[in-house]
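Please open the model in your viewer and keep the selection tool at hand. The stops below go from one selection to the next, with a short account of what is there.

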Amino acid sequence: MYKKRDIHHLIENVDKKRNFISYADNYLGSGCARKVFKLDDNYVVKISNDKIVDYVTEKGASFARGVHQSLKEIEVFNSTPIGLRYLINPIVEKGVYNGHVYIVQEYVEVDGDIDEYCSYEEYAKELGYCNEEIDERINDIYEMCEYFKISHEDILDFSANIGCHPQKGLVIIDYGYPI
């Protein structure tokens, strides 16, 4: 099991070294505003590239995109109705350290990467979901995205943001990209 100091150590290294890949064997990848590291066999941590001070000052959400995405993801997780929670990979821990917002989630195998595009529908079919289940899931995603003002395209068209959880099946692992 990871310890909080593992997260703090990663963030300290993030602040010292901007070349994440060169020092982190547990580096999994980057989105447009956050880096993802594997903490252990069961958990990952997403760390905002920017700091919360940038978010709360005059620069705001348009500048501090990693902080904004993390805060939006926390809002979505905390406020998603129970009937739609099956869609998302849960957040098990969240916090701020050295100004960076971080989110810990269960580790989930991802189908694609930042350069590969596969639709939610295609991936669901690969996993054996029937058309009726896929349609219901996609309708629920549209409902969730509309309610929280997050991008459905970022979920439905970008396979790096979805994965297959061993017990829960197809889940959205990145659900904080605003519209």
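Begin by selecting helix H1, residues 4-16, in this predicted model: the helix lies across strand E2 (34-38), strand E3 (43-48), E4 and E5, and it runs at about 135 degrees to E5.

Five strands form an open sheet in the order E1-E2-E3-E5-E4, with antiparallel pairing. At its edges you will find strand E1 (27-30) and strand E4 (91-97), each of which pairs on one side only, and from one strand to the next the twist averages 20 degrees.

Stay with E4 and colour strand E5, residues 100-106, beside it: the two run antiparallel and are joined by six bridges. Which residue stands opposite Tyr-102 in E5? Select Gly-95 to see the residue in that position.

The next stops concern charged side chains, for which a search of the whole structure finds seven salt bridges. Select Arg-34 and Asp-174, which form one of them, with their closest N and O atoms 2.8 Å apart. This pair links distant parts of the chain, since Arg-34 is in strand E2 whereas Asp-174 is in the segment after strand E8 (169-172), 140 residues apart. Are these two residues buried or exposed? Both Arg-34 and Asp-174 are buried.

Move on to Glu-73 and Lys-46, another salt bridge, in which the closest N and O atoms are 2.8 Å apart. Glu-73 lies in helix H5 and Lys-46 in strand E3, so this pair ties together parts that are 27 residues apart in sequence. Glu-73 counts as buried at 0% relative accessibility, and Lys-46 is buried as well, with a relative accessible area of 5%. With Arg-34, Lys-46, Glu-73 and Asp-174 selected together, you have the four residues that are linked in a network of salt bridges.

For the last stop, select Lys-168 and Glu-106, whose salt bridge has its closest N and O atoms 3.8 Å apart. Lys-168 lies in the loop between strand E7 (162-165) and E8, and Glu-106 in strand E5, so the pair ties together parts that are 62 residues apart in sequence. Here Lys-168 counts as partly exposed at 39% relative accessibility, and Glu-106 counts as partly exposed at 22%.

Note on methods. Residues are numbered from 1 along each chain as its sequence is written. This is a predicted model: local features need pLDDT of at least 70, side-chain atom pairs count only at pLDDT 80 or more; totals for chains, interfaces and linings use all residues. Side-chain values use heavy atoms; hydrogens and water are left out. Two strands pair if DSSP finds at least two bridges between them. Helices (H or I, at least four residues) and strands (E, at least two) are DSSP runs, numbered from the N terminus. Axes are lines fitted to C-alpha atoms, for helices over the stretch in contact, and angles run from 0 to 180 degrees between N-to-C directions. Contact means heavy atoms within 4.5 Å. Buried means under 20% relative accessible area, exposed over 50%, partly exposed in between (1.4 Å probe, protein chains only).
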